[in-house]
Amino acid sequence: MSTTWLPCGTYHQNYVHDHAWWQTKFIKAKMILLLIILFVIIPLVADSYGLSILNLVGYTILGAIGVQLLIGFCGQITLGHAAFIAVGAYTSTLLILEFPWPKILMDWGLAYPISILIAAIVSGAWSVLFGLPCARVKGFYLILTTMAAQFITVDFIITGYVSQIGGRGQAFSLPPGTIKIGPWVIDSDLKVYFVMLVLVIVCVIGVLNLIRSRVGRAWIAIRDNDISAEVMGINVIKYKLLAFYVAGFIGGVAGAFWISNLAAISPEHFPWFWSLWLVGVILIGGVGSIHGTIFGSVFMVVVMEMLQLAVIPLADIYPKLLVDFLFIKEAVFGLAICVFMIFEPNGLAYRWWQMKNYFNLWPFSY
Amino acid sequence: MTVTTGIMVGGIYALVALGWVLIYKCSGVLNLAMGELTLIGAYVSLSFYSMGMPFLLALLCSLIIGLVLGILTERIFLDKLIGEPVLTVIMVTVGLSFFFKGTVEFIWGTDTRVFTPPVFSIEPIHIGQIVIGQVYLWSFVAAIILLIIFVCFFKYTRWGLAMQATADDEMAALSLGVSARFVYAAAWAIAFMAAGVGGTLLGNINGLNISVGYLGLLVLPAVVLGGLNSVPGAIVGGITIGVLQNLCGAYLDRYFPGGVKEVAPFAFMAIFLLFKPHGLWGWERIERV
């Protein structure tokens, strides 16, 4: 059951050890070090620009975990995940702006946390609605229905109807100070960073736990072969819809988190490109691995930022480049997906695994 | 009249959908880059046209470039993916679509361009009670002519028969001396050419910008409607989607403002799939463990 390589001479004597999160003291120390780095050292050393990039990474991770769950663990290919993120973001925004909160909740700063939860639930339900066709169709046809989810939700319902609520026009602006958690007003990159960190850690650990439970094993069985999964007595439709629900739930969390970083939200924040981007992230990171989601997010965001940094000096020579950067980004993203799919179909997570094995077994790698 | 316009536009969709079905039948690749193929073809022929070539010659040149690009795409990207899982292949085509789109935007920009001087006169034609724009009529005629040419190509030429054989049973075709790699390349080349012509015609109707690529995406509902591996299905599906789109634009737009026309085919497709998952004439695959 254990997925980590244990050092020589360490073995388990009971199931509690075997199922433990941190199987050796060394791993525990590594993880605590990681937490210290994330919570203490990075906020101390990083400037506002660095933090904003990290926030983008966190948002990508939150969005991509849902996609990873659907594609990597349940085998249901989705190309419309941005729709569910959008539902989450809009639900949360509308709740904050329009809902008559009782005064006590406002005073305690609970409006935003509660709205995150509600947004996640709503977006999970919306996701199940568009997951319903998976009861009958799979593979390519399912891809098309999820694409339909994207176009119907974002381009039609949100643009045409939801945006009209309150007569604000196309974009909902969030006045500074509206987003509060407890006594803290989320108004700087640093505070967004902490919110992001907590949400990402909760979601990652939640999904990891879900995957090693009965539910996760059912998903993996469905991914590998849904007919034999059904023969083994797994309620295929129930578990597929559950996967859609959980993916939509985390998507909703991602959307509701991201409004804390934006001054205004509009449908243009959730284009079809973003759905495909999330799928690209998990493909580059590695399908069927939560580590892969994180690696993929970091890799894609950092590469795109580096591309941007590389373009800025060149812009003195070709001013057109700055305008066209978006297009270069698209082309590079496309090419990156193609290259990874052709030459490294297992993604970055596989390389990481190889590296870890090398050092675990070093110097006798046989 | 709405129906007539729908049929005319549907003719173009049918042409692009034919290219899609061809790739799927011959090589099993589910191609999500079809919209970008239409974009490339349209922009290439627009460039030739604005250089002062006559329209037909420009179309011909874009066909040749489509041929070359199709073979190159197949050789560089898709050739290595034969036998890989569906998701891999689909995502490569998604990657290709981004690559193509980014390149097109980089070269030609995002402003709407029109064919100047207009290729077809704006004087409408009266057929009995029905009034049709000349653009629509000629596009339809061109699309139908090309459809007939392609169908004849498959039925009567040696290469077309080889492609049919590969589509039917790859192993048997290989043992009879048909080169599968040639067939794959030919399928992509033909898809590129069909999409290019479709894109050019669409660009003549409304002017040319990135949204033509979105129209190219509408072939997906069309092929799903007809069944993924059926050529007549693609034609019927294309025309149906064209009609449906125009009817929704004409009648539903009043009740649901805000782009019913663009979304209707996808909504229709999602509902249609619930009832008939294999389309009208698609093969039902019986799965065994």
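Here are a few questions and answers about the predicted model shown above.

Author: Residues count from 1 along each chain as written, while chains are lettered from A and ligands numbered from 1 in written order. Because the model is predicted, local features need pLDDT of at least 70 and side-chain atom pairs pLDDT 80 or more, while totals for chains, interfaces and linings use all residues.

Reader: How many helices and strands does chain A have?

Author: Helices are DSSP runs of H or I with at least four residues, and strands are E runs of at least two, numbered from the N terminus. By that count, chain A has 16 helices and 4 strands.

Reader: Why does the radius of gyration of chain A agree with that of a compact globule?

Author: The radius is taken over C-alpha atoms, and the globule rule is 2.2 Å times the number of residues to the power 0.38. For 366 residues the rule gives a value near 21 Å, so chain A agrees, with 21 Å.

Reader: At what angle do the axes of α4 and α7 of chain A cross?

Author: Axes are lines fitted to C-alpha atoms over the stretch in contact, with angles from 0 to 180 degrees between N-to-C directions. Helix α4 (residues 81–98) and helix α7 (residues 140–160) of chain A have axes that come within 8 Å and cross at roughly 35°.

Reader: Which residues of chain B is B:A187 in contact with, beyond its neighbours within four places in sequence?

Author: Two residues are in contact if their C-beta atoms, placed from the backbone, lie within 7 Å. Leaving those neighbours aside, the partners of B:A187 are B:L22, B:I23, B:C26, B:S27 and B:M163.

Reader: What percentage of chain A is buried?

Author: A buried residue has 20 or more other C-beta atoms, placed from the backbone, within 10 Å of its own. Of the 366 residues in chain A, the buried share is 41%.

Definitions and conventions:
A residue is buried if 20 or more other C-beta atoms lie within 10 Å of its own, exposed if 12 or fewer, and partly exposed in between; C-beta atoms are placed from the backbone.
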